[in-house]
Amino acid sequence: MSGTQGRSLADLKDMLAAQQVQAPSAAANTPALVEQPKREPKRDALGRSYATGRRKDAVARVWIKPGKGEISINGKQAAQYFARPVLRMLITQPFLVADRYNQFDVYCTVDGGGLSGQAGAVRHGISRALSHYEPDLRGILKVAGFLTRDPRVVERKKYGKVKARRSFQFSKR
C-alpha cells in the first residue's frame with residue numbers, strides 16, 4: 001500500500017489504461033514472446049467464488065456471487081459490523097476500482113485480530129475472490145495493490161524489555 005499512497009482511483013485506472021495501450025505495441029516489436037494461457041474463472045456449483053484474505057492476525061473467508069451489493073460479515077450487515085466509515089470504505093475499494101460496485105453479494109466470516117486488521121483481511125479476500133470470479137480484473141486489482149498480502153505484523157516482546165523495544169524506566173539511584 002505504500003506505493004499507492006496519494007493516488008486516487010482515477011489515477012490507477014489511467015495508469016492501467018496506459019499499460020494496456022503500451023502492451024500491444026511492445027508485443028509487435030518482440031516476435032518471440034510466449035503467450036500465457038488465459039486464466040479460467042474459479043466458481044463452485046452455486047456460482048460463487050471463494051478466497052481467503054489475511055491482514056495482521058485476522059483471517060477472512062470470503063464468498064462472492066452476483067447480486068445487489070449486500071455485504072454480510074459474520075452474519076451481520078457491513079454497516080453494523082464495521083461501524084467506522086473508514087473501515088466500510090476499505091472493504092468496498094476493490095469493487096470501486098474494478099467498476100463492479102453493487103454488482104456482487106459478499107458473504108464472509110472473519111476471525112482474529114482487531115477491527116482494522118479484519119477490514120484489511122476482508123478487502124484482501126474480496127480482491128482475491130473477484131480475481132477468481134473474473135480473471136480479467138486481476139491486472140486492475142494488482143496495480144491497485146489489493147492482491148498483495150500486507151506482511152506487517154506486531155513485533156514480538158523480547159526478554160529484558162517491557163514491550164518489543166521499550167526498556168524499563170531508568171533509575172539513577
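The structure is a predicted model, in which local features need pLDDT of at least 70 and side-chain atom pairs count only at pLDDT 80 or more, while totals for chains, interfaces and linings use all residues. Residues are numbered from 1 along each chain as its sequence is written, and side-chain values use heavy atoms, with hydrogens and water left out.

Strand β1 covers residues 49-55, and β2 covers residues 58-66. Strands here are DSSP runs (E, at least two residues), numbered from the N terminus. The two run antiparallel and are joined by 7 bridges; strands count as paired if DSSP finds at least two bridges between them. Their hairpin has 2 residues between the strands, and Lys56 in this hairpin takes a positive phi near 50°. Of the 7 residues of β1, 5 are buried, so that the strand is mostly covered. Buried means under 20% relative accessible area, exposed means over 50%, and partly exposed lies in between (1.4 Å probe, protein chains only).

## The link to strand β5

Strand β2 also pairs with strand β5, formed by residues 104-111. These strands run antiparallel, with 8 bridges between them.

## Aromatic pairs

A search of the whole structure finds 5 aromatic pairs. Rings of Phe, Tyr and Trp (its six-membered ring) pair if their centres lie within 6.5 Å; planes under 30 degrees apart count as stacked, over 60 as edge-to-face and the rest as tilted. The rings of Tyr50 and Trp63 are a tilted pair, because their planes stand at 45°, with centres 5.0 Å apart. Since Tyr50 lies in strand β1 and Trp63 in strand β2, this pair ties together parts that are 13 residues apart in sequence. Tyr50 counts as partly exposed at 37% relative accessibility, whereas Trp63, at 19%, counts as buried.

The rings of Tyr81 and Phe82 have centres 5.0 Å apart and planes at 90°, so this pair is edge-to-face. Both Tyr81 and Phe82 are buried. One aromatic cluster is formed by Tyr50, Trp63 and Tyr107.

## A charge over a ring

The charged end of Arg43 sits over the ring of Tyr133, 3.8 Å from the ring centre. A charge is assigned to this position if NZ of Lys or CZ of Arg is within 6 Å of the ring centre and within 35 degrees of the ring normal.

Notes
Helix = DSSP H or I, 4+ residues; strand = E, 2+ residues; numbered from the N terminus.
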